Amino acid sequence: MQPVEGGLREQHKARRRNRILDATREVLRESPESVISTERIAERAEVSPATVYNLIGPRDKIWEALANGFMDELECRLAVRGAVDPREVVRATVLLFVDDPVVSRRMVREWEASGLVLDRSPLGQLRRAMADARTRGLLRADIDTDALAAVVATSCVGALHQWVAALIDDDRFLARALFALDVVLAAAAADPHRDHLLAPLRTRGTV
């Protein structure tokens, strides 16, 4: 019976942890600029402040947990779409943040390690999509697709921080992220696909 009891304990912990994170999101959406506290989150989640600390951790760990939640959601969205191309990965990532702007902006502003927010799911998904594009002959065989994915991710992080600071709007955020991808794809294009991959750059306006 011990494995079953242990499994149930872990399930209960996971449910309480999810309730705490849902409560954190609710508190942020209700008061976007307020200081979040363990006490407020605990009250909303109907748990003790000690439970918040034990299951999530201090404030920086709360932001990290919210970021992981974003990445879990991204993986679900991309899995539903099945095989995706690099543009779909970038588009889905941007729309994920735009769909919940209050929470995502606070998370990026408050979390000291927010530059790592795209390192997990989108970077891994983008690496696979870029490698697949090379396998299909869209990109040159001598190209390091991991390096290309890293360049795109760095540009997307920059656009994300501009969006968080309200320097650009939702549409410009998406446009800048896709522009970075299109530049990389055009630079690495195999000869038979060069004109096709250059086309978005020829028709694009100011980003």
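A salt bridge here is a side-chain nitrogen of Lys or Arg within 4 Å of a carboxyl oxygen of Asp or Glu. By this rule the count is 13 salt bridges. Keep in mind that this is a predicted model, where local features need pLDDT of at least 70 and side-chain atom pairs count only at pLDDT 80 or more, while totals for chains, interfaces and linings use all residues. Residues are numbered from 1 along each chain as its sequence is written, and side-chain values use heavy atoms, with hydrogens and water left out.

First stop: select Arg44 and Glu30, a salt bridge with its closest N and O atoms 2.8 Å apart. This pair links distant parts of the chain, with Arg44 in helix α2 (residues 38-45) and Glu30 in helix α1, 14 residues apart. (Helices are DSSP runs of H or I, at least four residues, and strands are runs of E, at least two, numbered from the N terminus.) Arg44 has a relative accessible area of 33%, so partly exposed: buried means under 20%, exposed over 50%, partly exposed in between, with a 1.4 Å probe and protein chains only.

Next, go to Glu10 and Lys13, whose closest N and O atoms are 3.8 Å apart in a salt bridge. How are they placed in helix α1 (residues 2-30)? Three residues apart, so separated by about one helical turn. Glu10 is partly exposed at 48%, and Lys13 is partly exposed at 35%.

Arg140 is partly exposed at 30%, whereas Asp142 counts as exposed at 61%.
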